Amino acid sequence: MARYCDGDASAFRELYAAVSPQLYGYLVKMARSKALADDLLQQTFLKVHRARAAYVRGADPLPWIYAIAHRTFIDEVRKGKRAKVNIGDGDDLPEIAADIRGDAVDAKDEPRVDPELLASTLDALAGLPDQQREAVVLTKLEGKSVSEAAEIAGTSVGAMKVRAHRGYEALRKLLGGRAKVKEAS
Amino acid sequence: MSDDDLALPAFAPPPLGAELEAELRAVKPVATRNPLRQLAVLFGASIVYGAGVLALVSTRPDMGELPMMWMAGGAIAWALGFVVPLYLAVVPAAGSMMPRRQLAAGAAITAAVLFVMMGMMIHPHGPSSLQYNAERFPDGHPCLELGLATAIVPVILGALFLRRALPVSSRWIAAALGAGGGSLGGLVLHFHCRVTDPMHTGFIHAGVVTVAALLAALLVPRATDVR
């Protein structure tokens with residue numbers, strides 16, 4: 001980040017290569033639309049680029065970049081454009097699942113994920129309210145601590161704990177219910 | 001359901017977009033943020049400005065009649081109300097770029113509440129002091145205006161230093177800037193205004209902190225939000 005702020009464009013590409021896979025994963029899980037996540041990722045990095053003077057040398061920029069992605073997503077939802085239509089409708093599930101089968105990052109090293117399980121997990125995630133979904137995505141899927149997740153979402157640690165707990169419980173019920181339906185059929 | 005059940009593979013991100021590529025072709029070095037240096041400038045400029053305002057409006061004529069301990073203690077309290085919220089708003093924790101949202105918010109709220117309580121409960125007066133009380137309460141508005149005018153410099157400087165730096169929590173950080181600036185206004189009023197009734201000191205002098213924090217929370221995020 002420091003080299004990039006000093007005018008080295010190749011350092012930005014390195015930053016993008018290092019950060020974008022996990023950030024993109026976060027945005028896909030939040031937006032539930034690959035096309036929207038593509039757009040949000042580009043918007044996020046444009047904002048990072050334009051706000052690079054805010055960088056504090058020696059600081060970890062990752063939570064800041066995540067927070068920009070969070071804010072970009074929230075703004076998109078508020079605009080009531082594509083996000084509102086896509087979140088929760090599940091239209092993109094087959095596309096996402098197919099994509100993961102096709103070109104997952106480090107696919108050679110990763111065990112193949114059952115597309116049905118993936119689709120049902122993403123579908124269940126989509127059934128959660130935005131705040132709970134974000135709490136589950138950040139703390140359970142992105143591996144952030146509760147305090148990191150709270151910092152990214154701009155909320156208190158206590159509120160993030162409650163959101164994550166409620167979201168996780170709701171997700172457990174949703175996934176459990178679907179498993180029962182599947183077994184019955 | 002264990003955490004492993006939720007484990008999803010990484011997603012392959014798209015390449016850089018055309019707009020980003022175009023901006024990168026013209027990338028130039030930028031001066032990065034140095035929070036401690038910014039804080040030093042913020043404190044220095046604000047104190048010089050506050051002292052200038054006080055010199056312009058003159059000090060209170062009853063100062064020599066009031067207990068020295070109260071004058072000094074009140075000044076220290078107002079100075080702390082100026083320093084602590086501004087420090088928390090401008091300087092992130094070591095190794096972090098993210099604002100200290102909770103501490104800054106806590107400092108803003110504490111300053112707003114404590115100064116009202118202080119003004120309502122402790123208000124010594126001398127022969128040259130004035131008492132407006134409820135009947136002349138509205139006549140105290142010049143103090144509110146003077147306090148807010150004093151708060152302008154720290155709030156504007158803080159907003160400039162945090163320009164496009166805050167993706168989240170910008171309203172609380174802005175409120176802390178406002179509370180810090182309002183406390184500087186309160187400090188100027190502490191040395192300027194000889195009206196000592198509890199309603200005036202509690203609601204107008206301390207009200208500067210609340211009003212400045214609310215105005216800053218409303219307006220400053222336009223500058224400090226990452227866009």
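This report looks at some salt bridges in a predicted model and at its largest pocket.

Local features need pLDDT of at least 70 and side-chain atom pairs 80 or more, while totals for chains, interfaces and linings use all residues. Residues are numbered from 1 along each chain, chains are lettered from A in the order in which they are written, and side-chain values use heavy atoms, with hydrogens and water left out.

Let's start with charges that pair up. A salt bridge here is a side-chain nitrogen of Lys or Arg within 4 Å of a carboxyl oxygen of Asp or Glu. Over all chains, the count comes to 13. Here are three of them:

| Pair | N to O distance |
|---|---|
| R13(A) and E21(B) | 3.0 Å |
| R50(A) and E23(B) | 2.5 Å |
| R172(A) and E169(A) | 3.4 Å |

(Helices are DSSP runs of H or I, at least four residues, numbered from the N terminus.) R172(A) and E169(A) are three residues apart in helix α10 of chain A, so about one helical turn separates them. There's also a network of salt bridges linking R3(A), D8(A) and E14(A).

Now for the largest pocket, which holds about 450 Å³ of space. A pocket is an open set of points on a 1 Å grid over the protein atoms alone, where a 1.4 Å probe fits, with protein on both sides within 12 Å along at least five of seven lines; lining residues have an atom within 4 Å of a point. The volume is the space filled by probe spheres set on the points. Of the 21 lining residues, H70(A) and I74(A) are among the closest to the centre. Helix α4(A) gives the largest share, four residues.

Note on methods
Helix = DSSP H or I, 4+ residues; strand = E, 2+ residues; numbered from the N terminus.
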